[in-house]
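Student: I have a structure to read and would like to go feature by feature. Where shall we begin?

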Amino acid sequence: MIKHYLNRIAHIRKNQSGVAALEFALIAPLMLLTFLGSIEIFLLLEADRRVTAATATIGDITARYRFISNADSAHILDSAQIVMQPMDGTGARLVVSSLVFDGSKFKVLWSDARNTTARAVDEVV
């Protein structure tokens, strides 16, 4: 009787059918997780690149104006949404401020914002 069980165990150890399917079942979730994770990382890097480009664009356009009206400020903030396309930039919190240095600290001269609160005039930054 014991010999029968030992023969059965030896037969199971020699049997290789289904090993590939078992290996695939163990590795597939890890492969899928790696694949989906790499896609998420790509999307995050793309979003970071778009936000950086929008920030640089806002700063560049603002620096070109000598005087900025409210309409000009609205157009400047609109440019950020254009740069962020095809991503949705409508919910982005944007603040554009002009700072002056009074010898010891920086103060806000004017500020405009979208989807958040603008900085207060004479606020120390």
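Student: Leaving aside its neighbours within four places in sequence, which residues is Thr62 in contact with?

Tutor: A note before the answer: this is a predicted model. Contact here means heavy atoms within 4.5 Å. Beyond those neighbours, Thr62 is in contact with Ile68, Ile76, Val96 and Trp110.

Student: Is Thr62 buried or exposed?

Tutor: Compare the relative accessible area with the cut-off, since buried means under 20%. Thr62 has 15%, so this residue is buried. Thr62 lies in helix α2, which covers residues 19-64.

Student: How far apart are Thr62 and Ile27 in space?

Tutor: Read the C-alpha to C-alpha distance next to the sequence separation. Thr62 and Ile27 are 35 residues apart in sequence and 53 Å apart in space.

Student: What pattern does the protein follow along the sequence?

Tutor: The pattern is α-α-α-β-β. That comes to three helices and two strands. The radius of gyration is 30 Å, well over the 14 Å that the globule rule gives for 125 residues, so the protein is more spread out than a compact globule. Along its principal axes, the C-alpha trace spans about 100 × 35 × 20 Å.

Student: How much of the protein counts as buried?

Tutor: Of the 125 residues, 15% count as buried. The protein exposes about 9900 Å², with carbon and sulfur atoms supplying 63% of that area.

Student: How many aromatic pairs are there?

Tutor: A pair of aromatic rings is described by the distance of the centres and the angle of the planes. The count here comes to one aromatic pair. Phe101 and Phe106 form that pair, at 4.8 Å centre to centre, with 50 degrees between the planes, and it is tilted. Phe106 counts as partly exposed, at 41% relative accessibility.

Student: Where is the cis peptide bond?

Tutor: Look at omega. The cis bond joins Gln85 and Pro86, with omega about 10 degrees. Pro86 lies in the loop between α3 (70-83) and β1 (94-101).

Student: What is phi of Asn115?

Tutor: Phi of Asn115 is near 65 degrees, a positive value in a residue other than glycine. Asn115 sits in the segment after β2 (106-114). Its relative accessible area is 44%, so Asn115 is partly exposed.

Student: And what is phi of Asp122?

Tutor: Phi of Asp122 is near 70 degrees, a positive value in a residue other than glycine. Asp122 is in the segment after β2. At 52% relative accessibility, Asp122 counts as exposed.

Terms used. Residues are numbered from 1 along each chain as its sequence is written. This is a predicted model: local features need pLDDT of at least 70, side-chain atom pairs count only at pLDDT 80 or more; totals for chains, interfaces and linings use all residues. Side-chain values use heavy atoms; hydrogens and water are left out. Helices (H or I, at least four residues) and strands (E, at least two) are DSSP runs, numbered from the N terminus. The radius of gyration is taken over C-alpha atoms; the globule rule is 2.2 Å times the number of residues to the power 0.38. Buried means under 20% relative accessible area, exposed over 50%, partly exposed in between (1.4 Å probe, protein chains only). Accessible areas come from the Shrake-Rupley method with a 1.4 Å probe; for residues, only the protein chains shown count as cover. Rings of Phe, Tyr and Trp (its six-membered ring) pair if their centres lie within 6.5 Å; planes under 30 degrees apart count as stacked, over 60 as edge-to-face and the rest as tilted.
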